[in-house]
Structure formats: C-alpha cells, structure tokens
Amino acid sequence: ILIAPMPSAKYTSLMSMHNEVAENLITFLETKYSKIGISNHYEFPDIRPFLWKGYDPSVKYTYVLDLTNLKQVWEGLEKDTRNLIRKIQKTSPDFDLGAFAVFEKLYRQTFERKGLEVPADYVFLLNMGTKFGASIWTYYDKQKNPKSSVVMLQDSKRAYYELGASDGDDTSAFTLWVALEALNNAGAKEVDFVGCNSRKIGAFKK
C-alpha cells in the first residue's frame with residue numbers, strides 16, 4: 001500500500017489517512033478476489049486495519065544499511081568480521097562478475113548442505129540478471145574454486161541483497177563487503193538486506 005506523502009499533516013491525521021486507505025483498499029479487493037496476500041514496505045506505519053478486517057498479519061524484519069559513509073560502515077562491523085575481511089584481502093583475491101551459472105551451482109550446494117529444497121532454479125536466476133539487471137559477485141580461491149557469491153538488485157533508491165551462497169567456508173562476509181564497496185562506488189545510497197526473520201541469516205546480515 002502506497003500513500004502520497006503528507007509532509008504538513010499532523011501525525012494523527014497521517015495515521016487516520018493510512019488506516020482509511022488501507023481499510024477501503026481491503027474492502028475493494030475482497031469484492032474482486034477470493035484470496036488476498038499483501039506485502040507492505042517496512043515504512044508502512046500501521047497494519048491494524050488488517051487485524052480489524054480479520055486478517056492474520058505477520059511481521060517480517062530487514063536491515064537497511066546507509067552506504068553514504070563507507071568508513072562508518074567499516075567501523076560498524078564487528079571486529080572478527082573486519083579481521084576476516086583483512087585476512088582474505090591480503091591473499092589478492094580473485095573475483096568474477098556476472099557468472100550466474102557459477103552462482104547457481106553454489107546456491108544449490110548451499111541448500112543441499114542444509115538438507116533444504118532449492119527455491120530458485122537457473123532460469124529464474126538468469127532472468128533476474130537479464131530482465132532486472134542483477135549484479136553478482138563471486139569470490140574464488142587460488143585454485144579457481146568458487147567460494148561465495150552475492151546477488152544484488154538496484155533501483156534509483158537503493159540496492160537489495162537478493163541472494164547469497166557459499167561452499168560452507170567462512171568467506172561470505174568478505175564477498176558481501178566487496179559488493180558493498182562496488183555499490184558505494186556506483187552511487188548506491190543504501191542497501192536493503194531484504195530478509196532477517198531467520199535467526200542464523202539475521203545474525204549474518206546484522
């Protein structure tokens with residue numbers, strides 16, 4: 001649900017407008033569809049209209065990182081993470097951009113290692129790159145084995161951390177840092193890490 005900005009409105013008036021728009025939109029959709037699912041942006045302020053209408057809303061968390069001061073971002077990393085990144089940097093690491101086939105292999109390995117079904121196939125990943133301009137960073141060891149990859153999408157407002165994969169070694173933070181540096185150089189002002197409800201994934205992104 002998107003509502004035009006009301007910069008001069010009082011907070012109470014703004015909340016009333018949000019609630020009124022949400023309730024009317026839900027009522028309208030119920031006349032058109034038998035099943036409705038809505039995902040709101042993290043800045044949407046009030047999901048109570050869904051409760052009032054009998055829906056069962058759930059909260060999904062994310063992290064949004066300000067990239068305008070990369071030095072501050074670096075200083076905000078945990079000490080162990082910075083040490084890991086420095087350690088790999090000293091090895092003159094090798095990177096590749098745009099290798100979706102390589103990413104797909106790592107991605108599949110990541111889920112197989114966890115005993116989970118792979119949620120996205122190669123065609124989906126390739127479409128993400130060709131149709132939406134996704135960027136991918138893949139880190140290789142000295143034997144040219146892919147170790148970890150990150151896939152990002154970007155629009156005029158921010159970049160989005162869509163997918164990540166690794167062979168199980170502790171290199172994902174380094175690959176992500178390289179991606180953040182590149183996005184900063186490309187003018188991205190912030191990164192939305194997209195999903196953090198999982199404790200393990202949330203801890204990594206944090």
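With a relative accessibility of 26%, Phe-95 counts as partly exposed, a class lying between buried (under 20% relative accessible area) and exposed (over 50%), with a 1.4 Å probe and protein chains only. The model is predicted, so that local features need pLDDT of at least 70 and side-chain atom pairs count only at pLDDT 80 or more, whereas totals for chains, interfaces and linings use all residues. Residues are numbered from 1 along each chain as its sequence is written, and side-chain values use heavy atoms, with hydrogens and water left out.

Phe-95 belongs to strand β2 (residues 94-97), where helices (H or I, at least four residues) and strands (E, at least two) are DSSP runs numbered from the N terminus. Leaving aside residues up to four places away in sequence, Phe-95 touches Trp-137, Thr-138, Tyr-139, Phe-174, Thr-175 and Val-178, contact being heavy atoms within 4.5 Å. The C-alpha atoms of Phe-95 and Trp-137 are separated by 6.7 Å, although the two residues are 42 residues apart along the chain.

In helix α5, the buried residues are Phe-100, Phe-103, Glu-104, Leu-106, Tyr-107, Thr-110 and Phe-111. These residues lie on the same side of α5, because they cover an arc of only 170° around the axis, the arc being that of the directions from the helix axis to the C-beta atoms. The buried residues of α5 pack against α6 (122-132), β3 (135-140), β4 (146-154) and β5 (159-166). Just after α5, Gly-115 adopts a positive phi of about 75°.

Elsewhere, Ile-47 is found in the loop between α1 (11-30) and α2 (48-52), and at 32% relative accessibility Ile-47 counts as partly exposed.
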